[in-house]
Amino acid sequence: MEYFVGIDLHKKFFTYHATDKEGTELHKGKYDNSLENVSSLLALFPVKPKIVVEATGHWMWFVRFLKEQGCLVTLAHPLKVRAIASSMIKTDSVDAKTLCHLLRSNLVPSSYIATDEEQDNRELSRGRISLVHDRTQLKNRIHAILTKENLKFEGSDMVGVKGKVWIKGQILSAAKRYMTDTYLKKLSEIEESIKDIDEQINKKSSGVTEISLLKTIPGIGTTTAFLLAAEIGDITRFPTSKQFASYFGLVPRLSQSGNHAYYGRITRLGNPYVRWALSQAAQRIARYDQQSKRFITRLSYRAGKKKALVALSRELATIVFCVLKEKRAYIKDFRRSQMVCPAIISEQS
């Protein structure tokens, strides 16, 4: 006998709806979030049920426990579920019931369930990104205070070693001096935290094949490679490079009617961290790689520099896919005016 359970998970509670293979309602209700209550739910069934949980920002503990108990768990893609089963009436119980019947009919659009190690690596990478953004905000606040007094630092980095000495030597009001010193103190703390995270990333990256291969791509260093490996996970879940790029929102929007097709801006759907990392890498290689410079210059003339950088990010996505899929280092093809992946080189040779 098979049992199916749909779970609508929230931060403090979850709603469930259970049926048998024929769709007969067996159980429904609501529990506060705790491992004991999840165990109570499982105890309602003589055998382990199949369970679907909608992907939220806090599904990890719930899915991990269910898998430890031997349940077959599906993580539902939120946007695709809404597209398939939109309803005029939306409540927690309706959502749980909808998920349950989609699972019973084998129609659940699933999301990737990252391993525990991948989840930990994502926390490191995402935490580092957050700290870098905080560091930038603090720098901007210091710049703003000094700009109000028309104070200009002639060096390259106002908050570097020489810049900090210069700031301390400037005459400021008591309040502005206090806030500047406070920002500088917070900035030093954040920089130390970023260094500590970088050390952990370097240790965890040592000997990892995927990271070593990604580092052979121009513009991608250890930190970026670590982020890409953690966020991408199992590369075999992407059949083609187009689906890979689509997953990270690097493909254009498409509106088609009859024989007419209209392409717009990139969708920006999917994982934002990989899209951000690839855009950062594209900006780096556009500065020093000659082939990339020519690519940007040629496309900027027609579409503008921003769109050219997005196109280069899309090229990098294809290269990342091929490098991970084929498990071999990036090869630079001097016969072409832009970068290509090993698979394309093999086909042309």
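These legends walk through several close-up views of one predicted model. Local features are given at pLDDT of at least 70 and side-chain atom pairs only at pLDDT 80 or more, while totals for chains, interfaces and linings use all residues. Residues are numbered from 1 along each chain as its sequence is written, and side-chain values use heavy atoms, without hydrogens and water.

View 1. E1 is mostly covered, with 7 of its 7 residues buried, where buried means under 20% relative accessible area, exposed over 50% and partly exposed in between (1.4 Å probe, protein chains only). Tyr-3, Val-5, Ile-7 and Leu-9 point one way from E1, and Phe-4, Gly-6 and Asp-8 point the other way. Strand E2 (residues 13-20) runs antiparallel to E1, joined to it by 7 bridges; two strands pair if DSSP finds at least two bridges between them. Look for Leu-9 opposite Phe-14 in E2, and for the hairpin of 3 residues that joins E1 to E2.

**View 2. Strand E4 with E1 and E5.** E1 and E4 pair in the parallel sense over 4 bridges, with Gly-6 opposite Val-52 in E4. Strand E4 (residues 50-54) also runs parallel to E5, through 5 bridges, and Glu-54 has Ala-76 of E5 as its bridge partner. In strand E5 (residues 72-76), 4 of the 5 residues are buried, so E5 is largely enclosed by the rest of the structure. Do glance at Val-47 too, in the loop between helix H1 (35-42) and E4. Val-47 is partly exposed, at 40% relative accessibility, and its C-alpha atom is separated by 7.9 Å from that of Met-1, 46 residues apart along the chain.

**View 3. Helix H4 and its buried face.** Helix H4 (residues 92-104) has 13 residues and reaches 18 Å from its first C-alpha to its last, close to the 18 Å expected at 1.5 Å a residue; the expected span is 1.5 Å times one less than the number of residues. Asp-95, Ala-96, Leu-99, Cys-100, Leu-102 and Leu-103 are buried in H4. Seen down the axis, the buried residues of H4 fall within an arc of 165°, so they line one face of the helix; the arc is that of the directions from the helix axis to the C-beta atoms. After H4 comes Asn-106, with a positive phi near 60°.

**View 4. Helix H13 and Lys-327.** H13 has 22 residues and reaches 31 Å from its first C-alpha to its last, close to the 32 Å expected at 1.5 Å a residue. Lys-327 follows H13 with a positive phi near 55°, in the loop between helix H13 (305-326) and helix H14 (342-348). Lys-327 is exposed, at a relative accessible area of 57%.

**View 5. Asn-150 in its loop.** Although Asn-150 is not a glycine, it has a positive phi of about 60°. Asn-150 sits in the loop between H5 and helix H6 (161-168), where it counts as exposed at 57% relative accessibility.

Conventions
Helices (H or I, at least four residues) and strands (E, at least two) are DSSP runs, numbered from the N terminus.
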